[in-house]
Amino acid sequence: MGRLIGRRLLFLLPVLFGILAAVFVTMRIVPGDPARLVAGPDAGPEELAAIRHQFGLDLPLHVQFGRYLLDVLRGEFGQSLKTQRPVLDEIVPRLWNTALLAVLSTFFAAALGLLAGIVAAARRNSTFDHMTMAVAMLGVSTPSFYLGIVLIVVFAVMLRLFPAGGSGGLIHLILPAVTLGASTLGIVARMTRASMIDVLDEDYIRTARAKGVRERVIVARHALRNALLPVIAVVALQFGFVLAGSVLVETVFSFPGIGWLIVESISMRDFPVVQGSILLVTFVSVLVNLAADLLYGYADPRIKF
Amino acid sequence: MPIPASSSRPAAAAWRRFTRNRAAVAGLALVLFFLLMAAFGPWVAPHDPLKQQLDGALAGPSWSHGLGRDELGRDILSRILHGARISLGMALGASLIAAGAGVTVGLVAAYRGGGLEEILMRLVDVVLAFPGFLLAIAVVSALGPGIVNVAVAVGVNTMPGFARIAHSTAHAMKETEHVAAARALGNSGPRILWRHILPNCLAPIVVQFTLRMGTVVVIGSGLSFLGLGAQPPSPEWGAMLSTAREYLRTAPHLSLVPGLAILLLVLAWNLLGDGLTEALNPKLNRS
Amino acid sequence: MNRRFRSLGWICTAAVLLTAAMSVLVAGAQSSGGAVVLATQSDAARLDPAATGDVPSMMVQSVMFEGLVGWDKDQKLVPQLAESWTLSDGGKVITWRLRHGVKFHDGEEFDAPAAKVNFDRWLDKANGLLTLSQFASVDGVEVVDKYTLKMTLKEVNGALLQTLAGRRAMFNSPKALAKWGKEINLHPTGTGPFEFVDWVPKDRITVKRFEGYWGSKPALEKITFKPVPEPASRVAMLEAGDADMAAPIPIQDVARLRGNPKLHVMMVDSLDNLHFALNMQKDIFKDVRVRQAVNYAVDKEAIVKNIYNGLAVPLTKSPVSPFLWGYSSVGDFYKYDPAKARELLKAAGVKPGTKLVMWIPDGRYVQDRQVGEAVAGYLREVGLDPQIVKMEWATYIGRVGQKPDPIAPYDLAMLAWSVGTQDADWGIGGTFLSTNWPPRAYNLAFYKSDVVDNALAAGRQTTDGAKRMEAYKIAQKQIMEDAPWLFLVAPKFIGAAKKELQNVYVIPFGGAVVKDAAIKR
């Protein structure tokens, strides 16, 4: 296990390097002058030159990149071009917000999905089963930005039960979390059902049934434990996916998360913020994937490292 | 395409399984419906999707405008019908790019082996490690807005899945007698890949294609939603949804319709993909 | 099994507790007592007046900082930190008599030496501040005595007073400047009625009443500026009571907010003169008939009525907004006439189906995208083929400001030229002076007219108000006749606040003024 972790962490480095290089170069070759953005339309050429010099934007590309790499290794992510505050100051609160949203939505979606999948599998082909799978399918197929809009129209505008967006308390998290969780719910429900069905048909389950063990005990003790494995992996993967794909939901709900920060910063050509946030999000994603693998391995006694 | 003689009976059995699955058939029907809409929509549309009439702005559904009018007085129904072509075109283009690039990379990597294989598959892993949607955003930001660039961005995003499937299938086949025989007969590398290995990858690739279509449509319209895709006045569904947000309270019909269209398209491909998976791999989801 | 379920239960509890704890961290400011929450469009970029040009920054700065002169509610020039001033040497020397008893937020006194420190900083090329071009005509300032400042100009500049009132020329405490250097942006120390408390990036900026203020103490104790980029959320916050004021308000919500008895809606003609600059480097727009045709093709009244719900002024009488100092109505130009447009195009030899590349920014100006699309629709109806290229603001402002290579790639480019000086010199000159072609400034039409150049120079070189108005009138008339632009509209700037919040108003440059506000219960 130690070797696996080591190998995966080692793999992390070239990935981060590659991504960083790609983002770095991309941001600088696209049109759009950050100095102009910082100064505003009525700044003269002398002011622009001064700003560019201040941020080292007039240096050759490889020099800029080299400097940036060294800084990152020292833990310095630079300053936002727009606000001149440390990049980490901008990123961390937003990353925190998105992580919170991701945890909340994944947790409840997984719990509900698990429950639904188990019951659906136990009552195979019943009305409940069909309906649950239909809802799950809808959850997977509905684009998050559409679901968010519909929820806003129904719950915030028409029924006035929830705020239409923004931040400021637990209640602001609910609609976005539901929106984000919809696809996880669908995936987990379907996966659990499939997994449970596979397990429920295994010989040892039939044996238990023949021995007279109660159905409920069979489901809970024997089937569940084994069916859980792929679901755990999927949930962990979904978490990573949600962390990255939250931008659409954040936009719809004006939620101050990392996805929105990235899109905004790309818009504003705020290079240090873009680089720093993509770096951190990727780092977290890869760690989450690693955790998923480990979790899977831990839960399944058949897998050895 | 030569069908290996041993698989003709399973193919017929797969078809039977497919047709028995009502959800799968529904998916197929819906996909065909959208393909027809993409092909013939513009002819059937009652109005010019670009014709604006400012004083009719935001009108609700009526006899002459079945789904109402948007913020510039344009007919929503006509825009939806024209938009099908754009959404499907983008999705198919992106998927073809992904499949083409991915399969090529996967096959070459598996067949050549050694250092090249390592490098290529590592590259695939890097692309995969990149947080999904962000990769697409980064690519589109680099290339500039526009539906073609969106297709490229989404294609790049989806490529790893195909690469991996092609790679693992080719790897499995590499040491079979089938391939050894072909090589013994003097066939060259590319020929072996094309005539012998590729046909056997086809089934999982087709399944992957349909399974990923849903995601492709969502990412593509998501990018347009963020303003990075189709340019105005193009009636792309994601872009329509985005502009409709400003009118959520005054004219909700503007947002409900295009969103529903996207949902149904994604649902169609998902049902179809599910159906295909079950038909070809009967062990899953026995009922 | 039991073990697994029990651990599941613990995980659930932990998650709920964690969530509750997190939400406390995420919680925002509440409105209560003498404190007011103002929901704005975006976060301030900087809090150093000399380094910023954008509306959100200036809105926050103007409650903390003051300059020699300022504007009152009706946008008339009034003395602020200067009690009076006299001109001499043909207008090339201005002697300022400064107010006594003014303190900075850190306790330092405002006097002539303090003012000089600031001016020297603004004029120093090495600092690269935005004040360089604004004060290009200022040679230097000298301290005559503790409260008297002598300002020497390189040339007479009639617009200088307005520039000084413009929100860049506001003073920071010299002690703070010495202490913080470049970080002064994060430690604003002015003389205004409110002092800085904190700035949580993209979340809020808080200021509190400055007890040592020289003027009448403000009624409010605390103001929180909260950036809420989504217009719908901003309005929702106001309606839910989470914000006491919100600006700008989208057009679509105005009718509904007006009907709400708990709120009042404020509007003012903004300085934004939304237009499409017609690239006169391109052959097609070298012919004045084509430029006029484009103006006849677009129904500006319909745009005002349907896209702005009447809350805009069509630019048919002048290229600039009625609220710009120097505005004159010079006639009634280009009434909607598509037949005439087609006629003119035919006479000029423009073939039907001619492609035109239209550049539009997205989400920068009120209804910019809708207007752009509407214009494209109108142009299509007279036989042209417009291709819209929409860019987000960052890219847009960078690309339109670029040096033409050799000519700019667009045929039409949308812009609205709103100036912090609120004066016609920069307000007209910035976009119509022949020396202001990109990359120097924003004459995106590459327009050159000797009549206009001379008129603008005449307006700058005198301090006589009436003479200046005359000069600018000539310029405006020439511009309307030459039609270097597709003139569109000057939208109103709209804000809304709770009924109890009195004495707040919105200003033409954009933004709200809350420093005199009071809560009446």
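Student: How many residues are in the hairpin that joins β6(C) to β7(C)?
Tutor: The hairpin from β6(C) to β7(C) runs through 2 residues. Strands here are DSSP runs of E with at least two residues, helices are runs of H or I with at least four, and both are numbered from the N terminus. This is a predicted model, where local features need pLDDT of at least 70, side-chain atom pairs count only at pLDDT 80 or more, and totals for chains, interfaces and linings use all residues. Residues are numbered from 1 along each chain as its sequence is written, while chains are lettered from A and ligands numbered from 1 in the order in which they are written.

Student: In which sense do β6(C) and β7(C) pair?
Tutor: Strand β6 (residues 138-145) of chain C pairs with β7(C) in the antiparallel sense, over 6 bridges. Two strands pair if DSSP finds at least two bridges between them. In this pairing, C:Leu149 in β7(C) is opposite C:Val143.

Student: And how many bridges are there between β5 and β7 of chain C?
Tutor: There are 5 bridges between β5 (residues 93-98) and β7 (residues 148-153) of chain C, and the sense is antiparallel. There, C:Thr95 has C:Lys150 in β7(C) as its bridge partner.

Student: What is the average pLDDT of chain C?
Tutor: The average for chain C is 85, and 93% of the residues score at least 70. pLDDT is the predictor's confidence in each residue, from 0 to 100.

Student: Where is it below 50 in chain C?
Tutor: Residues 1-5 of chain C are below 50, and this stretch has 2 contacts in the model beyond near neighbours in sequence. Residues 23-33 of chain C also stay under 50, with 20 contacts beyond four places in sequence. Two residues are in contact if their C-beta atoms, placed from the backbone, lie within 7 Å. Where pLDDT is low, the predicted coordinates should not be read in detail.

Student: What about scores for the model?
Tutor: The model has an ipTM of 0.80 and a pTM of 0.79.

Student: Switching to C:Asp362. Which strand is it in?
Tutor: C:Asp362 is in β15 (residues 355-362) of chain C.

Student: Why does C:Asp362 count as partly exposed?
Tutor: Because C:Asp362 has 19 C-beta neighbours inside 10 Å. A residue is buried if 20 or more other C-beta atoms lie within 10 Å of its own, exposed if 12 or fewer, and partly exposed in between, with C-beta atoms placed from the backbone.

Student: Which residues is C:Asp362 in contact with?
Tutor: Leaving out neighbours within four places in sequence, C:Asp362 contacts B:Gly227, C:Asp368, C:Arg369, C:Lys390, C:Met391 and C:Glu392. C:Gly372 is 10 residues along the chain from C:Asp362, with their C-alpha atoms separated by 9.6 Å.

Student: Now chain B. How many helices and strands?
Tutor: Chain B has 10 helices and 0 strands. Its C-alpha trace spans about 75 × 45 × 35 Å along the principal axes. Of its 287 residues, 49% are buried.

Student: Which residues of α4(B) are buried?
Tutor: They are B:Val124, B:Val127 and B:Ala129. Helix α4 (residues 114-129) of chain B has 16 residues and reaches 22 Å from its first C-alpha to its last, close to the expected 22 Å. The expected span is 1.5 Å times one less than the number of residues.

Student: Where is B:Pro61?
Tutor: B:Pro61 is in the loop between α2 (22-44) and α3 (76-112) of chain B. B:Pro61 counts as partly exposed because 14 C-beta neighbours lie inside 10 Å. Not counting residues up to four places away in sequence, B:Pro61 touches B:Gly66, B:Leu67, B:Gly68 and B:His253.

Student: Last one, chain A. How many residues does each side give to the contact with chain B?
Tutor: Chain A gives 37 residues and chain B gives 33. On the chain A side, α7(A) gives the most, with 6 residues. By class, that side of chain A has 26 nonpolar, 9 polar and 2 charged residues. Nonpolar means Ala, Val, Leu, Ile, Met, Phe, Trp, Tyr, Cys and Pro, charged means Asp, Glu, Lys and Arg, and the others, Gly among them, are polar.

Student: Which helix of chain A has the lowest mean pLDDT?
Tutor: Among the elements of chain A, that is α2 (residues 34-39) at 67, while α6 (residues 127-141) has the highest at 88. The mean over chain A is 77.
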